[in-house]
Amino acid sequence: MVTNVVQLTESKKHIQHLNRAFDDQKDAFRKNPMPTLEERKDHLKTLKSVLLKNQDRFIAAINKDFSSRSEDETLLAEVMPAIQGINYALKNLSKWMKPSKRHVSLVFQPASNKVHYQPLGVVGVIVPWNYPLFLAVGPLTGALAAGNRVMIKMSEYTPETSQLFKEIIEGVFPENLVSVTTGDADVAIEFSKKPWGHLLFTGSTAVGRHVMRAAAENLTPVTLELGGKSPAIISADVPMNDAAERIAFGKAFNVGQTCVAPDYVLCPSDRIEQFVESFKSSFATMYPTLKENNDFTSIIDERQRERLKHYLEDAINKGATVIEVNPANEDFKSGTRKLPIHLVLNANDKMLVMQEEIFGPILPVIAYNQIDEAINYINERPHPLALYYFGYDKSAQEHVLEHTHSGGVCINDTLMHVAQDDMPFGGVGTSGMGHYHGEEGFRTFSNAKGVFAKQRINSGKVIHPPHGTVLHKAIYSLFIR
């Protein structure tokens, strides 16, 4: 009872801070509604500098939150893409900010059409726990580049990282420019209710529905980065070692706790045994041991580990064959939050592993006979955030691209499309809506304001009343056809 009272008091403090900071940012935006190129670049350079200066502290904090998080995974998936995203914005921001010229029809001449990209105001960002640094900095980069004020709600499941990020950001930015909020789910609910200029949420589809419902009360535009069950298709003729190695890397990275991790594999029925052996061999090369191996990351908390173990028990009880990929045959029954990768053969739709996004080290393998059978399997289900195809035949690649829908695609690789600065990242359908990264991030956090301009000559007088003149009829005959 005492704990609940303390949590309630803490939540109230966080919400009061949230409300005050939101009002301060709105006031500050009204006073400077169009920051200059140099102001925006200064903000991005400050962000880059503080990230570089504190990268070791972030590595340590994330490692503590996970109990064991690979230092290289943090560098590769959090620090490096965050820095590269800032560098890309700095290089291209001048071009992005320029109004774009648009065509003016002859009937409206002389005049000009331009699209001006205007900041939206105060942007809200809700950050998940799986990549707590990159998924805070990525949206922050786009929002600052677009000239906005930004408020960030960090995850309560990564308390060390969240507190460190708050401390570091508050040390270099005024709160009326960038503000960081911590706290539990009650704070997140209040956060999603604010009338933001734009709200970006990264997390589960189920929570995304609640966020969108709350945003709808204020007609707040949203970008939802959700997830879902991202398939990996193995073709009939791709060298199996090539496919298995890259799938193993994508699944083992952050131990599957990635929104674009391969969720299940579609494999030709006569190649499943070959896939299993190639996967085990590739995985063992990368991770000869697991339990004391600092390269192999832990599950974020015990609740998530128990959820994954329940998925495996459910699959076994419903007839699946489960293969534990544990190269050194280590004991994971207690004393660790790590969990080996498990391949699930003979999976079916009655099993939880095929009903829910797995978000962990479990990989169902589904048999197919013809490629269109695999395509139909994907299309009968909600659109995934990512799709992976392994095969070197260009016509087969195009066939898969044209006949499936997903937020993004990698051909003969996994995960790497997310790291491309010059490509949009986002979902479709239940895997999300909207895009960011690079120029798309700048556009997402900007109002594309169309400006039609005339000067002294007013050609529009020719359509003024009284109507029915010969000139009117000539105009209609020219332009209505």
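Biologist: Which residues lie nearest the centre of the largest pocket?

Modeller: In this predicted model, the largest pocket has a volume of about 1,300 Å³. Its lining is made up of 47 residues. Those nearest the centre of the largest pocket are G203, S204, T205, A206 and V207.

Biologist: Which helix gives the most to the lining of the largest pocket?

Modeller: At least two lining residues come from each of helix 7 (185-192), strand 6 (198-202), helix 8 (205-216) and helix 11 (302-317). By class, the lining of the largest pocket holds 21 nonpolar, 15 polar and 11 charged residues. The element that gives the most, with seven residues, is helix 8.

Biologist: UniProt lists E225 and C259 for "active site"; which of this set does the lining of the largest pocket take in?

Modeller: The listing of E225 and C259 comes from an unreviewed UniProt entry. The two are spread over 35 residues of sequence, yet they cluster in space, with a largest C-alpha distance of 8.6 Å. E225 has its place in strand 7 (residues 222-225). From this set, the lining of the largest pocket takes in C259.

Biologist: How many residues of helix 4 are in the lining of the second largest pocket?

Modeller: The second largest pocket holds about 460 Å³ of space and is lined by 22 residues, with L76, A77, L415, V418 and A419 nearest its centre. This lining divides by class into 17 nonpolar, four polar and one charged residues. Helix 4 and helix 5 each supply at least two residues of it. The largest share comes from helix 4, and it amounts to five residues.

Biologist: Which elements give two or more residues to the lining of the largest cavity?

Modeller: Two cavities of 30 Å³ or more are counted, and the largest has a volume of about 220 Å³. Of its 22 lining residues, G85, G138, D421, H437 and G438 are the closest to the centre. The lining of the largest cavity comprises 13 nonpolar, eight polar and one charged residues. The elements that give two or more residues to this lining are helix 4 (71-97), helix 5 and helix 14 (438-444).

Biologist: How many charged residues are in the lining of the second largest cavity?

Modeller: About 40 Å³ of space lies in the second largest cavity. Its lining consists of K251, G256, T258, A261, P262, D263, E357, F359 and G360. Sorted by class, the lining of the second largest cavity has three nonpolar residues, three polar and, as the number asked for, three charged.

Biologist: Which residues does the UniProt annotation "domain: Aldehyde dehydrogenase" cover?

Modeller: Over the annotated stretch, residues 16-450, the chain is 43% helix and 17% strand. The end C-alpha atoms of that stretch are 38 Å apart. According to the unreviewed UniProt entry, the domain annotation covers residues 16-450.

Notes. Residues are numbered from 1 along each chain as its sequence is written. This is a predicted model: local features need pLDDT of at least 70, side-chain atom pairs count only at pLDDT 80 or more; totals for chains, interfaces and linings use all residues. Side-chain values use heavy atoms; hydrogens and water are left out. UniProt positions are given in the numbering used here, feature names are shortened, and annotations may be inferred rather than shown by experiment. Helices (H or I, at least four residues) and strands (E, at least two) are DSSP runs, numbered from the N terminus. On a 1 Å grid over the protein atoms alone, a cavity is a set of points where a 1.4 Å probe fits but cannot get out, and a pocket is an open set with protein on both sides within 12 Å along at least five of seven lines; lining residues have an atom within 4 Å of a point. Grid points are joined across faces, edges and corners, and a volume is the space filled by probe spheres set on the points. Ala, Val, Leu, Ile, Met, Phe, Trp, Tyr, Cys and Pro count as nonpolar, Asp, Glu, Lys and Arg as charged, and the others, Gly among them, as polar.
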